[in-house]
Amino acid sequence: MSSFPSVPYYQVTRLIQKGGTSAVYEGIDLRNGSVVAIKALYSDKSRDEFMLRRFKEEANHYLLLSHPNIPRLVDFVEHEGRMFLIMEYVDGIDMSQYLKRHGPLDANLVIHFFTMLLDTIQYLHEHEILHLDIKPANIMITDDWGIKVLDLGISAIVSEGETRKKRCGSPSFMAPEQIRNEKLGYYTDIYQIGATLFNMITGYPPYVGNTRQEIFDHICHMASPVLQDLVPPDLQPLQSVIDKSMHKDGDQRYHSCKEMEESLLSCFLAVIEAEPESESKSHLHSINEQNNTNMRIITIGREIGNDIVIDDNRVSRHHLEIIQDDANNFFVRDLNSTNGTFVNGNRIVGEKAIETTDVIRIGNTTLPWISYFSTPDHTEMELDAPSPKSRRRGKVARESDGEPSKFKKGMKSVGKWFGRTALALLTSLLMMLMFRWIMKNF
């Protein structure tokens, strides 16, 4: 305990991890009892003007941001010559640890995590911030199966157009222009996302070597890493995404995260279209190609005006449609949502035929969609996102525990009935006892 730093108004409780320039601790805010993460710059680095500037810039960047996938800055403290960033505490497991425990990601998890990652980095770019240190260890999988993108420690403002005098980054994931100390841009983050994608589907970094310099030489001069023989067939179409995102010339890479996301999703659509025709696929064609006049469609999203409105910040404004045709078949159609639509735990692309027993989840909410179709008199429903599970460090919850709001209302009504009945019985008992006492004494 004595080796922990002293931070005014906070109690440091344990070391989470150590890095090259700083350490991250878990702590408690003594003013309100909340758990926080405390990033502490090492004492010797506090005398380095470059490191001091980077640390203060990191705090300023967090102040500009408000995104569900980026930890929130709570406080900035200077004490006894040291600086501390007090951050929102994120419980979960980082992606590098997840890969070690569970192995490379399958197609469904690639879509799930990378659409969230690309959306988050796109948000940074829209605020003219470059992350510059994207890698599996800086992607935290949260308890609700979402992500938090960590560590803006070497991030930069795009408008500065700076070239770094010092090499900053993680060697295996650095872009060629970082190694050469050239001008950095959006394309630098795009390269690192491509390198991270390769790592997360193969289990290996894209380039390896016996020394840092050997890794740097491979990054700058070797061709893009090859997926063949390293990943299953359904992931091999991602080779085109790897090649473009990790091109040596930044101008030849994707021009935005949105463009990269569209290319990534098209790779999986190509695999789906190549599969043999299935019964569910023929149902899908009946929706797209036939004039189905009796078809019923409900819209679901976060914005008022949808048939079902969900108060969940991981749900898009217009998230999905659920369709019932005249033959009483059901389909779900994702409307290019940010965080995806999941049927039985698998993310769907486009439309999918569904059964009444299927579980549909968007964000942190499980949908009671069949009950909606069975009550046509309801023109609009409103669902609250379920309360999060009690957090368990190091574990990831794959499904939410939300219950349909109608069920909650029913249980609430039952509870009120029992309460009123118990009160009436108690009142009758008291009156009976009082009557007996009066008769006995008078």
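Visitor: Let's start with D151. Is D151 buried, partly exposed or exposed?
Guide: D151 is partly exposed, at a relative accessible area of 26%. Keep in mind that this is a predicted model.

Visitor: Where is D151 in the chain?
Guide: D151 sits in the loop between β9 (147-149) and β10 (156-157).

Visitor: And what is its phi?
Guide: Phi of D151 is positive, about 65 degrees, although D151 is not a glycine. N181 has a positive phi too, near 55 degrees, and N181 is a residue other than glycine.

Visitor: Where does N181 lie?
Guide: N181 is in the loop between α4 (176-179) and α5 (186-202). N181 is partly exposed, with 28% relative accessible area.

Visitor: OK, confidence next. What is the mean pLDDT?
Guide: The mean for the protein is 79. Of its residues, 74% reach 70 or more.

Visitor: Where does pLDDT stay under 50?
Guide: One such stretch is residues 272-293. The model gives that stretch 22 contacts beyond four places in sequence. Residues 374-414 are also below 50. That stretch has 66 contacts in the model beyond near neighbours in sequence.

Visitor: Switching to the inside. How many residues does the largest nonpolar core have?
Guide: The largest nonpolar core has 70 residues. Those with the most contacts inside it are M95, L105, V110, F113, I193, L197 and L238.

Visitor: Which element gives the largest share?
Guide: Helix α3 (residues 107-126) does, with 12 residues of this core.

Visitor: Pick M95. What does M95 touch?
Guide: Leaving out residues up to four places away in sequence, M95 touches L105, F113, P136, I139, I141 and M200.

Visitor: What about a second core? Which residues does it include?
Guide: The second core is separate and has 15 residues. Among them are I310, L320, V332 and I348.

Visitor: Now aromatics. How many aromatic pairs are there?
Guide: A search of the whole structure finds four. In one of them, the rings of F4 and Y25 have centres 5.7 Å apart.

Visitor: Why is that pair called edge-to-face?
Guide: The planes of F4 and Y25 are at 65 degrees, so the pair is edge-to-face. The cut-off for that class is over 60 degrees.

Visitor: What does the pair tie together?
Guide: F4 lies in the segment before β1 (10-18), and Y25 is in strand β2 (residues 22-29). The pair therefore ties together parts that are 21 residues apart in sequence.

Visitor: Is Y25 buried or exposed?
Guide: Y25 is buried, at 8% relative accessible area. F4 is partly exposed, at 22%.

Visitor: Which residues form an aromatic cluster?
Guide: Y98, F113 and W145 form one. F113 also turns up among the residues with the most contacts inside the largest core.

Visitor: Which ring has the charged end of K244 over it?
Guide: The ring of Y254. The charged end of K244 is 5.4 Å from the centre of that ring. R361 lies over the face of F342, at 4.8 Å from the ring centre.

Visitor: Let's look at S245. Where is S245 found?
Guide: S245 is in helix α7 (residues 239-245). S245 counts as buried, at 0% relative accessibility.

Visitor: Which backbone oxygen does its side chain reach at 2.7 Å?
Guide: The side chain of S245 reaches the backbone oxygen of V241 at that distance. The backbone oxygen of I242 is 3.4 Å from a polar atom of the S245 side chain.

Visitor: What else does S245 touch, not counting residues up to four places away?
Guide: S245 touches I190, Y191, G194, R253, Y254 and M260.

Visitor: Last one, the aspartates. Is D94 buried or exposed?
Guide: D94 counts as buried, at 10% relative accessibility. D94 is in strand β6 (residues 92-94). The side chains of D94 and S96 make a polar contact of 2.4 Å.

Visitor: And where does D312 lie?
Guide: D312 is in the loop between β12 (308-311) and β13 (320-324). D312 counts as buried, at 2% relative accessibility. A polar contact of 3.0 Å joins the side chains of D312 and T365.

Notes: Residues are numbered from 1 along each chain as its sequence is written. This is a predicted model: local features need pLDDT of at least 70, side-chain atom pairs count only at pLDDT 80 or more; totals for chains, interfaces and linings use all residues. Side-chain values use heavy atoms; hydrogens and water are left out. Rings of Phe, Tyr and Trp (its six-membered ring) pair if their centres lie within 6.5 Å; planes under 30 degrees apart count as stacked, over 60 as edge-to-face and the rest as tilted. Helices (H or I, at least four residues) and strands (E, at least two) are DSSP runs, numbered from the N terminus. Buried means under 20% relative accessible area, exposed over 50%, partly exposed in between (1.4 Å probe, protein chains only). A charge sits over a ring if NZ of Lys or CZ of Arg is within 6 Å of the ring centre and within 35 degrees of the ring normal. A polar contact is a pair of N or O atoms within 3.5 Å; within protein, one must be able to donate a hydrogen and the other to accept it, and residues adjacent in sequence count only if both atoms are side-chain atoms. Contact means heavy atoms within 4.5 Å. A nonpolar core is a set of buried Ala, Val, Leu, Ile, Met, Phe, Trp, Tyr and Cys residues joined through side-chain atoms within 4.5 Å. pLDDT is the predictor's confidence in each residue, from 0 to 100.
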